[in-house]
Amino acid sequence: TVTGTASENDTADKAVWTLNLNESQKTLASSVSTIDASASALKKYLLTGGITEDQIELGPINSNAIMEYVNGNQTGRILSYQAYRSVTVRTKDVQLVAKLSNNIGTLLATGVNVGNYGPAYYLSTLDKMRAKLLASAMKDAKERATAITEAVGGKVGALVSVSSGPTQVTTKNSLDRAAGGIYDVSTIEKTVNVTLSASFKTQ
């Protein structure tokens, strides 16, 4: 029984970037009005930067009242109203999204309150890559089994069983591993690694 591994570097070709708008005002009407203006400013920033209309998804406006507390007890008085709204960008132009995310400070400087936790970058070709890498890992396992068996004067026989481990998608050249697999979405350049365990008869 031996372990086979295979890995390959690849570049993300899909980005999902969710930005969160958050505004707080004395009245609900002004809070909603302000967040509408913020959403318009954010949309203008994205469109001017090269994102197309069909790549922008505006979420619904949600709101809640901020209550006053004294000594841990609610007084019944409303201090302000908060409004929330998400704006999501979906595009294959990962470099453009990275650029806009890095330059979001220019929009923040205008007073727009945007929460930016960074885009998520994905590999749309992961399923095909996984199949290709598993084949390479199987070849690696056979070569290891052959080297071990020949070292003691034997020969590798038929394959008895094989089981694949989780796929690890990490930052480029990272050695990070997790029992259930990893899918790093924070970077554009990634390394995909697969591992399998193969058992052979010996002769």
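This is a predicted model: local features need pLDDT of at least 70, side-chain atom pairs count only at pLDDT 80 or more; totals for chains, interfaces and linings use all residues.
1. Placement of Lys-190. This residue belongs to strand S11, which covers residues 189–202. The C-alpha atoms of Lys-190 and Thr-171 are separated by 4.7 Å, although the two residues are 19 residues apart along the chain.

2. Burial of Lys-190. Is Lys-190 buried or exposed? Lys-190 is buried, because its relative accessible area is 0%, and the cut-off for buried is under 20%. Its side chain reaches the backbone oxygen of Tyr-121 at 3.2 Å.

3. Gln-168. This residue lies in strand S9, residues 168–171. Gln-168 has a relative accessible area of 5%, so it counts as buried. A polar atom of the Gln-168 side chain lies 3.0 Å from the backbone oxygen of Ala-178. Beyond residues up to four places away in sequence, Gln-168 touches Asp-176, Arg-177, Ala-178, Gly-181, Ile-182, Thr-191, Val-192 and Asn-193.

4. Helix H2. Which residues of helix H2 (residues 94–102) are buried? They are Val-94, Leu-96, Val-97, Ala-98, Leu-100 and Ser-101. An α-helix has 3.6 residues a turn, so residues three or four places apart point the same way. The buried residues of H2 pack against helix H1 (28–49) and against strands S2 (14–25), S5 (73–91), S6 (114–116) and S7 (120–122).

Key
Residues are numbered from 1 along each chain as its sequence is written. Side-chain values use heavy atoms; hydrogens and water are left out. Buried means under 20% relative accessible area, exposed over 50%, partly exposed in between (1.4 Å probe, protein chains only). Helices (H or I, at least four residues) and strands (E, at least two) are DSSP runs, numbered from the N terminus. Contact means heavy atoms within 4.5 Å. A polar contact is a pair of N or O atoms within 3.5 Å; within protein, one must be able to donate a hydrogen and the other to accept it, and residues adjacent in sequence count only if both atoms are side-chain atoms.
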